[in-house]
Amino acid sequence: MLKKLSIVVITLLVVGGGIFFFVNGRGEQKSTTSEKLRVVTTNSILEDMVEQVGGKHVQVYSIVKRGTDPHEYDPTTDDIAAATEADVLFHNGLNLETGGSGWFSKLTKTANKRDDKEVFAASKHVKPMYLTESGKENETDPHAWLDLNNGIKYVNMISGVLQDKDPKHAKAYQKRTDAYVEKLAKLHKEAQSKFADIPEKQRLLVTSEGAFKYFSKAYGITPAFIWEINTEAQGTPEQMKQVLAKIDQSDVKSLFVESSVSPKSMKQVSKETKLPIYSKIYTDSLAKKGTQGDTYYDMVKWNIDKIHDGMLAK
Ligand SMILES: [Zn+2]
């Protein structure tokens with residue numbers, strides 16, 4: 001009896017072990033997720049571009065959280081750990097994260113990552129525009145991605161790096177890139193004629209930070225701002241005076257405020273000019289995941305539509 005029982009127990013153990021091994025074996029096959037290319041990006045715009053190109057072959061960690069300013073930032077211990085473990089790091093370049101306090105240069109040094117080996121500027125092939133403020137004419141303006149044609153250059157740059165780092169999936173990356181670029185190019189073309197129905201004196205885009213140089217040049221409008229770049233003092237009496245003068249010379253109908261800056265100064269401009277703040281728009285960050293504007297494509301589309309409708313508004 002005891003012998004029979006032990007045979008049953010052993011049989012159960014063997015069968016059970018087999019099942020366990022089978023399940024576990026399959027489980028491990030699934031967990032080849034650990035073979036994904038580990039990518040760190042400085043902000044959510046680059047995060048989305050990497051995900052669009054990389055799909056299931058990449059695992060992306062984005063440093064600066066959505067809705068916050070990437071110009072100035074203090075990396076956390078999680079950021080340092082992610083940067084240290086990363087296979088590739090993308091930053092915007094053009095002094096976005098390396099201007100001001102230069103937080104990203106410090107981070108890559110701490111993480112022991114080298115430029116053009118593990119660290120890449122997505123803006124590498126973009127023709128830069130420069131700040132206009134006197135004394136700053138040699139400093140690049142970082143906001144190149146707001147012109148979709150530059151965004152396409154970012155995407156191609158990112159795709160090339162991913163293909164180099166992960167040649168096994170190069171074909172898949174290129175396929176996704178081609179489809180994505182086509183979609184962006186179509187929106188770019190639409191935007192180029194979008195503002196033609198707005199009288200020129202109304203075609204002034206008033207924002208807090210002067211983030212729309214590239215956008216304005218690409219789509220035929222004129223930018224105005226309170227301060228030129230987030231790394232400088234924001235909303236000084238002199239800056240307020242200058243933006244109010246520009247508004248005064250125009251027929252502008254509405255104001256805009258970016259999602260990643262304090263609305264305080266723009267509210268002041270609104271009060272002084274009696275012009276409404278028509279909408280928030282996205283510059284240095286995507287919208288929170290699951291809300292409108294949470295991808296690069298949707299963010300630019302949102303900006304184009306809101307800016308157009310706000311300029312026409314009475
Ligand atoms: Zn900015």
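Mentor: Quick ground rules: the model is predicted, so local features need pLDDT of at least 70 and side-chain atom pairs count only at pLDDT 80 or more, while totals for chains, interfaces and linings use all residues. Residues are numbered from 1 along each chain as its sequence is written, and side-chain values use heavy atoms, with hydrogens and water left out.

Trainee: What makes aspartate 87 and arginine 38 a salt bridge?

Mentor: A salt bridge needs a side-chain nitrogen of Lys or Arg within 4 Å of a carboxyl oxygen of Asp or Glu. Here N to O is 3.9 Å, and that makes the pair a salt bridge. Aspartate 87 sits in the loop between helix 3 (77–85) and strand 3, and arginine 38 in strand 1, 49 residues apart. Helices (H or I, at least four residues) and strands (E, at least two) are DSSP runs, numbered from the N terminus.

Trainee: Why is aspartate 87 called partly exposed?

Mentor: Buried means under 20% relative accessible area, exposed over 50%, and partly exposed in between (1.4 Å probe, protein chains only). Aspartate 87 comes out at 26%, so it counts as partly exposed.

Trainee: Then why is glutamate 232 called buried or exposed?

Mentor: Buried, because its relative accessible area is 12%. Glutamate 232 also forms a salt bridge with lysine 136, the closest N and O atoms being 3.2 Å apart.

Trainee: How do you know that strand 1 and strand 3 pair?

Mentor: Two strands pair if DSSP finds at least two bridges between them. Strand 1 (residues 37–41) and strand 3 have 3 bridges, in the parallel sense, so they qualify. Valine 40 stands opposite leucine 89 in strand 3. Strand 3 is also joined to strand 4 (residues 119–121) by 3 bridges, again running parallel.

Trainee: And what order do the strands of the open sheet have?

Mentor: The 4 strands are ordered 2-1-3-4. Strand 2 (58–62) and strand 4 stand at the edges with a single partner strand each, so one side of each has no neighbour in the sheet.
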